[in-house]
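Dear colleague,

I am handing over the structure we spoke about, and below it you will find my notes on what was found. Please read the notes with the coordinates open beside you.

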Amino acid sequence: MGKGMRWDSKPLSLHYKHNHIFVKFGVSILLLGLAFRLFSSDSIRISSVLEETHTPPLAEPEPKTESPVVSQPIQPPLASVFPENETQTSEIVAEKCDIFMGDWIADESGPAYTNESCHVIEGHQNCMSNGRPDSGYLYWRWNPRNCKLPRFNSERFLDLMRNKSWAFIGDSISRNHVQSLLCILSQVRKSEERNAGDQNSHLLYFPVVEQAVEVYHDEEYRSKRWHFPSHNFTLSVIWTPFLIKAAIFEDLNGVSSSEIQLYLDKLDEKWTEQYKDIDYAVIAGGKWFLKTAIYHENNNITGCHYCPGKNLTELGFDYAYRKALQLVLNFITSNDHKAFVFFRTTTPDHFENGEWFSGGNCNRTMPFKEGEVDMRDIDTIMRDIELEEAEKAVEVGSGNGVILKLLDTTRLSVLRPDGHPGPYRQFQPFAKDKNAKVQNDCLHWCLPGPIDSWNDLLMELVVNGEKYR
């Protein structure tokens, strides 16, 4: 070895007796240095590998909302099945995330509210009170694949909406949607409190925000308005199933005495006259266009949809739907009032073995996974029209200072056949006869239920909309 290493090549020299203490000390120092160098080098290599492959730990679930009705799901989903990007935030994704592409994942924390903590749930959507026996459908939440969707934050939402107004404009699905939002805003949060020196904790329940005050309803209770006094926030639902002018001859049970008269070149003034006072709007068309209707344009009857024996041209529901959306979106994008508008896509139903009027039902108790179900032809047609017209309108609106965003809830809703009232649109439908034949509702959503995730999407798009495609 080299001269610099003589101490190592002759450890038993004649001077051992005099210098052994210093030699041992030097050798120890050198060996420790070499060991440290080797360990540090390996540690750096190991650390770099861990940094490349490490997945952040799962976020701790939020406290579960206690409910005297909802305890544990009859078919509890696997709480351990969470995707690896659970704690990943959208900031670290180079490409913008499509917030509407994802999966329903198990969520043992359950819904933000219960049918007892919320008092605005309509009877037809109050599935738990009506006797629905399973509750597993409550323990899922929407999870976009490449970004994190935060839960709805009631306090922050109301702070953002101080001195503002928000309107849901459309049919009964819009009313279903606004009730979900009201329930979330009036949720009860669970808090654990411990007394000093006391090992036994106890739970406290307190309202997160103030209760809304109903200040208006129409004669049929289809259109309503609520006010949050402390925040001067107004929330309303405006019932206009076609968004355009229509003469409707149906009772509350859907029984029609005559064909609907639909005016394809005139908007429904029920919502347009209120538009100037609205800061945020969620607008949606939908299934009403599938009904038999006579079409009017330029004060003339031009055709119809499904009107056998009338000697009129069959133009089809898609013709009328496109015309209506063009009229609605043009009104929004050219309006002097610059509201923040969401256009929500069509809502799929999940009737099986028939339709609502012919014994159709929806008895599934679990969500579909991607690839297990296809969108129905009618929903595909309607959504394609919506996407085409919305894309053109967004471009026009951006040039006019109008914020118009798509709320594409169709695909994520297709995956939730388990979230409808089914026979439990009625109170205890099988109490007297277990084999009773009852009408099913496989279009609207149980509250609480999957529709609550629509509001998670809404708030995220209001707060961080620029992050998403």
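Predicted model: local features only at pLDDT ≥ 70, side-chain atom pairs only at ≥ 80, totals over all residues.

Residues are numbered from 1 along each chain as its sequence is written, and side-chain values use heavy atoms, with hydrogens and water left out.

**The chain**

The secondary structure of the protein chain comes to nine helices and 15 strands, where helices (H or I, at least four residues) and strands (E, at least two) are DSSP runs numbered from the N terminus. Of the 469 residues in the protein chain, 45% are buried; buried means under 20% relative accessible area, exposed means over 50%, and partly exposed is in between, with a 1.4 Å probe and protein chains only. Among contacts (heavy atoms within 4.5 Å) between residues at least 6 apart in sequence, 74% join residues at least 24 apart.

**The largest pocket**

The largest pocket has a volume of about 1500 Å³. On a 1 Å grid over the protein atoms alone, a pocket is an open set of points where a 1.4 Å probe fits, with protein on both sides within 12 Å along at least five of seven lines, and lining residues have an atom within 4 Å of a point; grid points are joined across faces, edges and corners, and the volume is the space filled by probe spheres set on the points.

The lining of this pocket consists of 48 residues, and W288, K291, W356, L443 and H444 are those that lie nearest its centre. By class, the lining has 13 nonpolar, 18 polar and 17 charged residues, where Ala, Val, Leu, Ile, Met, Phe, Trp, Tyr, Cys and Pro count as nonpolar, Asp, Glu, Lys and Arg as charged, and the others, Gly among them, as polar. Both α4 (172-185) and α7 (377-399) supply at least two residues each to the lining, and the largest share, five residues, comes from α4.

E250 lies in the loop between β9 (244-247) and β10 (260-267), and its side chain makes a polar contact of 3.2 Å with the side chain of K291. A polar contact is a pair of N or O atoms within 3.5 Å; within protein, one must be able to donate a hydrogen and the other to accept it, and residues adjacent in sequence count only if both atoms are side-chain atoms.

**Salt bridges**

Taking a salt bridge as a side-chain nitrogen of Lys or Arg within 4 Å of a carboxyl oxygen of Asp or Glu, the count comes to 22. One of them joins the side chains of R145 and D103 (3.1 Å, N to O). This pair links distant parts of the chain, 42 residues apart, with R145 in the loop between β2 (140-144) and α3 (154-160) and D103 in strand β1 (residues 102-106). R145 is partly exposed at 31% relative accessibility, and D103 is partly exposed at 30%.

Another salt bridge, between E352 and R364, has an N to O distance of 2.8 Å. E352 and R364 lie in the loop between β14 (340-344) and α7, so the pair ties together parts that are twelve residues apart in sequence. In the salt bridge of E220 and R222 (3.1 Å, N to O), E220 is partly exposed at 43%, whereas R222 is buried at 13% relative accessibility. Finally, D98, R383, D408 and R411 are linked in a network of salt bridges.

**Two single residues**

S109 is placed in the loop between β1 and β2 and counts as buried, at 4% relative accessibility. Its side chain makes polar contacts with the side chain of D107 (2.7 Å) and with that of R151 (2.9 Å).

V394 lies in helix α7 and is partly exposed, with a relative accessible area of 33%. The C-alpha atoms of V394 and L404 are 5.7 Å apart, although the residues are ten places apart along the chain.

With best regards
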